[in-house]
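Subject: Structure for you to look at

Hello,

Here is the structure I said I would pass on. Please open it first, then read the notes below with it on screen.

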There are 2 protein chains.
Amino acid sequence: MNVTTATTGAAESAEDRVRAAYARIGEVDRPEVWISLLDEEEALAAARRVDERTASGADLPLAGTVFAVKDNIDVAGFTTTAGHPGYAYGPKESAPAVARLLDAGAVVLGKTNLDQFATGLVGTRSPYGKVRDAHRPDRVSGGSSAGSGVAVALGVVDFALGTDTAGSGRVPAAFGGIVGIKPTVGLVPTTGVVPACRTLDCVTVFAAELGLARLVAGLMSGVDDSDLRSRPWPVQAPLGAPPRPRVGVPDPAELVGMAPGWVTAFEAAVKRLADTGVETVPFHVKPFLEAGRLLYEGAFVAERYAAVGAFVTSPEAAEDLDPSVAAIIGNARGLPAHQLASDTERLDRLRAEAREEMTGLDAVLLPTVGEHPTITEVERDPIGVNTRLGTYTNFCNLFDMAAIAVPAGETADGAKFGVTLAAPAFSDHVIADIAERFLPGAPGAVALPPSVVPLVVVG
Amino acid sequence: MNVTTATTGAAESAEDRVRAAYARIGEVDRPEVWISLLDEEEALAAARRVDERTASGADLPLAGTVFAVKDNIDVAGFTTTAGHPGYAYGPKESAPAVARLLDAGAVVLGKTNLDQFATGLVGTRSPYGKVRDAHRPDRVSGGSSAGSGVAVALGVVDFALGTDTAGSGRVPAAFGGIVGIKPTVGLVPTTGVVPACRTLDCVTVFAAELGLARLVAGLMSGVDDSDLRSRPWPVQAPLGAPPRPRVGVPDPAELVGMAPGWVTAFEAAVKRLADTGVETVPFHVKPFLEAGRLLYEGAFVAERYAAVGAFVTSPEAAEDLDPSVAAIIGNARGLPAHQLASDTERLDRLRAEAREEMTGLDAVLLPTVGEHPTITEVERDPIGVNTRLGTYTNFCNLFDMAAIAVPAGETADGAKFGVTLAAPAFSDHVIADIAERFLPGAPGAVALPPSVVPLVVVG
């Protein structure tokens, strides 16, 4: 598996890498990225401990890398706020996902800003400041893993952790022009993560390079008994993509809500994918988008109330509560359980339709987002703009799919454009292999004759 | 697999078998068993068609058998009432589970009485009459698959179909002194079944003999795309029990709500099981019973409202509505979705505890029920008695377990006593093999030395 052989692009020593990171933090001047940032001296001390381990012969796959962690994931020594100062607590230990990376030699610099309680895709729903896009600061960074995405996109850290329920680990990747891996639900333990929708939440990773992102995702994965939704890698899971993958591509006419010129960017991405020898196959995106709408319009949002509703609706929360987050989670209180039951049935029907659409496909390709809103646009219509940003991401966890968001050039209006490869649960290596062919710098893919029989078929 | 080699005990011709069945129907004089019963002439015509197929060389594994179907499962040519005349509809086709048995040569005689909308474990919640126990008519038959259980226990039919959400396919088996197989959720399609709790419902089979019950369960099983919850048999599923199965047995002190003398009957069953060479191992039943209480006390009952709530709370339903059923389903309307979310989390925690208890076990053994109430007792306390009857059955589908209820002699007070073998999803053949050793007439099991390594381990 490529994850273990990927290059990390690590610096020669962890200490040098930390110094460079703090220099860059000063340079970029984006204080809203961080909710807590380690004092440089402390980070240097941690780096020296890594260098000592390496010197003593330890083989640390992440030695020489620095990373940031979204502030709804526990890291020992930092408070966890989930974007609300009144909610803050000091965790006794790091989330298992984080602990595995520290063990592997990565140095954590701090905790990043997010849409409060991971409820949003914009990056502006936070009392710690609206997170500006890395490249076009009048625009949103995307969220909810806002600070993590920007910290990577600006080259401050080598990688950063996010979480993803509706698209929070993919939308910021698209705007930042970086890679975002959203593993299959249950592969990376969510113990020590403040739940958004407990049954759908994933820990994700952002990195500039796919190789490092795969390495990190691989290191974080693995059953943890403290995570009630932890799932083992099934024996029949495909270990990689077939030589000539079949990837579903929607008719451009089915792509709703795309800004002017963005469909052209998508078509260019499809062409580039086809040029690598991937067979592109038309599929209908309708059931995917319809399921996506259920995530916020249906009763699934009740899971958010179950997770943090008691706090959000308490008087002590009022002062720093984001009004959109307050409305979404507060309104979820009154949803009836029988609607959750019937929405689950509707979702089952849509999943069956989607499965039908994916028959014979190794993955589907979609735009990650269809526009890049300004901060002003979000201020004017905070719910509407946010909803639009989830069009192509919301369905993923509801359908139990793995996804990777990858950069795909720029649009005519100068925005970073991103596409997402998605496939059924445990196809993580399939989509990563296909993403690898697609990305610049990938070894030139050879178009195989269509008669070549795929070695692995997605179940 | 034994299911395909089991003997059916079938009559020489289907026609003879049907005649004998109608003679027996007259003899037993239990009109409350049936909601619809085929005219004898029509049944004979169906039987002759089976005999003709056999004569033309068709190999029909169920030729010469007759069966009954619970009236919440569609059979073409019969109305489906689910126990309420106002709800009745005429299905266009038979449920796939039924169609597979008709294809295999079984002749269906009619549709059986049930606790309305499969909401109950007593067998008395029906405008079609309270179903009396086969052996002790002052007692309840058990439900909700009441008529199906009694039709088998009285020897009217060879087998009968039930459904099971909370224990409806097991409790009537216990009182009837017969076998009840509740397959893993998703193995037998539930298309054409009126939902109780859609995500938990199973089609079950009652028979006097385990061999026939296994044969029928096997024939009904198999993915059907029209069932959104259909599941394929996983590649790593165990195909049978190891030579020396390890079966968890609770400390008698943990067995709550057992009538006087019933613990003694359970202890005798444990001894009998151990005598077959099964290794009995203590386990704690607490998380199982706690999860069971969630089924009706928690928000899962909202699935019942989602399924039939609109009808149950409509004016047209009022006349024939059972008051207990009306209260249970009607009250479910007001349950909040966030409670369903938090109950699901609580269930996840209990499932983890239960998994821990089952580590290294091939199955667990429990009493199926702990008492046999009279009809008068149920009339006095319809909810309380019903709740008690689910003590040892409710957890099963919530924990995604397969179960088989088997007869285990009689109690000192003259009741049939039954035990249930339960094991994680897809262990259906494991528990059936263990049940086979346990039942009278099983080939004498040889106690193997404990050093023998099991060939198959339950995942």
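Two residues are in contact here when heavy atoms of theirs lie within 4.5 Å. Keep in mind throughout that this is a predicted model.

Which residues does Thr374(B) touch, leaving aside its neighbours within four places in sequence? They are Asp138(B), Arg139(B) and Val140(B). Thr374(B) and Ser141(B) are 233 residues apart in sequence, yet their C-alpha atoms are 9.3 Å apart in space. Thr374(B) counts as buried, at 16% relative accessibility; the cut-off for buried is under 20%.

The sheet

Chain B has an open sheet of eleven strands, with mixed pairing. The order across the sheet is S1-S3-S2-S4-S6-S5-S10-S11-S9-S7-S8. Strand S1 (34-37) and strand S8 (279-283) of chain B are at the edges and have a single partner strand each, so one side of each has no neighbour in the sheet. From one strand to the next, the twist averages 25 degrees. In general, strands of a sheet pair through backbone hydrogen bonds, and they do so either parallel or antiparallel. For a parallel case, look at strand S2 (residues 66-70) and strand S4 (residues 159-164) of chain B, which are joined by three bridges. There, Phe67(B) has Phe159(B) in S4(B) as its bridge partner.

A buried helix

Helix H9 (residues 302-312) of chain B has eleven residues, and eight of them are buried, so the helix is largely enclosed by the rest of the structure. The buried residues are Ala302(B), Glu303(B), Arg304(B), Tyr305(B), Val308(B), Gly309(B), Phe311(B) and Val312(B). What do the buried residues of H9(B) pack against? In chain B they pack against helix H8 (286-297) and helix H10 (323-331), and in chain A against helix H11 (337-357).

Salt bridges

Over all chains, the structure holds 46 salt bridges. Three of them can be followed within a single chain.

The side chains of Glu279(A) and Arg246(A) form a salt bridge, 3.2 Å from N to O. This pair links distant parts of the chain, since Glu279(A) is in strand S8 (residues 279-283) and Arg246(A) in strand S7 (residues 246-250) of chain A, 33 residues apart. Glu279(A) is partly exposed, with a relative accessible area of 25%, and Arg246(A) is partly exposed at 29%.

Another salt bridge joins Glu379(A) to Lys130(A), with the closest N and O atoms 3.5 Å apart. Glu379(A) belongs to helix H12 (residues 375-380) of chain A and Lys130(A) to the loop between strand S3 (107-112) and helix H4 (146-153) of chain A, so the pair ties together parts 249 residues apart in sequence. Glu379(A) is partly exposed, at 47% relative accessible area. Lys130(A) counts as partly exposed too, at 37%.

In chain B, the side chains of Glu32(B) and Arg132(B) meet in a salt bridge of 2.9 Å, N to O. Glu32(B) is in the loop between helix H1 (14-28) and S1 of chain B, while Arg132(B) is in the loop between strand S3 (107-112) and helix H4 (146-153) of chain B, so parts that are 100 residues apart in sequence are tied together.

Where the chains meet

At the interface, 23 residues of chain B are in contact with 23 residues of chain A. The area buried between the two chains is about 1,900 Å², and carbon and sulfur atoms give 66% of that. Leu228(B), Ala337(B) and His338(B) supply 30% of the area that chain B buries against chain A, more than any other three residues. Because 100% of the interface residues of chain B are also interface residues in chain A, the copies meet through the same surface.

Six salt bridges are counted between chain B and chain A. One of these pairs Glu345(B) with Arg198(A), whose closest N and O atoms are 3.8 Å apart.

Regards

Key
Residues numbered from 1 in each chain as written. Chains lettered and ligands numbered in written order. Predicted model: local features only at pLDDT ≥ 70, side-chain atom pairs only at ≥ 80, totals over all residues. Heavy atoms only, no water. Pairing = 2+ DSSP bridges. Helix = DSSP H or I, 4+ residues; strand = E, 2+ residues; numbered from the N terminus. Axes fitted to C-alpha atoms, helices over the stretch in contact; angles between N-to-C directions. Buried < 20%, exposed > 50% of the residue type's maximum accessible area, 1.4 Å probe, protein only. Salt bridge = Lys/Arg side-chain N within 4 Å of Asp/Glu carboxyl O. Buried area = accessible area lost by both parts, 1.4 Å probe.
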